[in-house]
Amino acid sequence: GPFQFILVTHGHHDHVDGAARLSEILGGVPVLAADPRHGVAAEPLDRAGTLGVGGLELRVLDTPGHTADSVCFVADCAGERVVFTGDTILGRGTTVVAWPDGDLAAYLTSLGALTAYEKILMLPGHGPARADCAAVARSYLDHRRERLAQVRAAVAAGAGSAAAVVDAVYPDIAPGVRFAAEWSVRAQLEYLRRESQRPLEQLDPL
């Protein structure tokens, strides 16, 4: 210490449930979050702002998609830079687009923004650190394109519900995480529904 603030990347329970208690333990340190429901003794985060304390500078990156309130933080200190990605990019596996709060179009844009951080250490909310934030973001984009192609194919083959698409696209999904696959599929179906209503020249090259 002394502790200056607690930062929240998004409002899922495994990221915020202890924040108010931690603030109390630390003597009322502010909790800073984009969603005012999760802040303590502070205004909502400026989603394009910066925070500075001592020799540390933190830049807020607006990265919605996993959830509507998701942000990342780029930290610069003594010539070193890291990106705290919360659940926007994980240290292993892939991220759920938590429909209906999550949005796939926003998520793809956020991943595109994170490709700017070439060879910058990535510190995620789950899983190990990764050496190159941009490389992981590009891998995530490739994965999302593959999944969208699979969902398109499943719908074309007659899958008429999110559950049916999960059966076709995620045949080996563990029962305990099937709900997460259905969230992502619903987000993908909504993305495709919107895409089908846009003029051809505006469609993403996926």
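So, Glu-182 is buried, at 19% relative accessible area; buried here is under 20%, exposed is over 50%, and partly exposed is in between, with a 1.4 Å probe and protein chains only. Keep in mind that this is a predicted model: local features need pLDDT of at least 70, side-chain atom pairs count only at pLDDT 80 or more, and totals for chains, interfaces and linings use all residues. Residues are numbered from 1 along each chain as its sequence is written, and side-chain values use heavy atoms, with hydrogens and water left out.

Who does Glu-182 pair with? Arg-178, in a salt bridge with the closest N and O atoms 3.2 Å apart. By salt bridge I mean a side-chain nitrogen of Lys or Arg within 4 Å of a carboxyl oxygen of Asp or Glu. Both residues sit in helix α6, 4 residues apart, about one turn of the helix; helices are DSSP runs of H or I, at least four residues, strands are E runs of at least two, and both are numbered from the N terminus. Arg-178 is partly exposed, at 22%.

How many salt bridges does the rule give? The count comes to 12.
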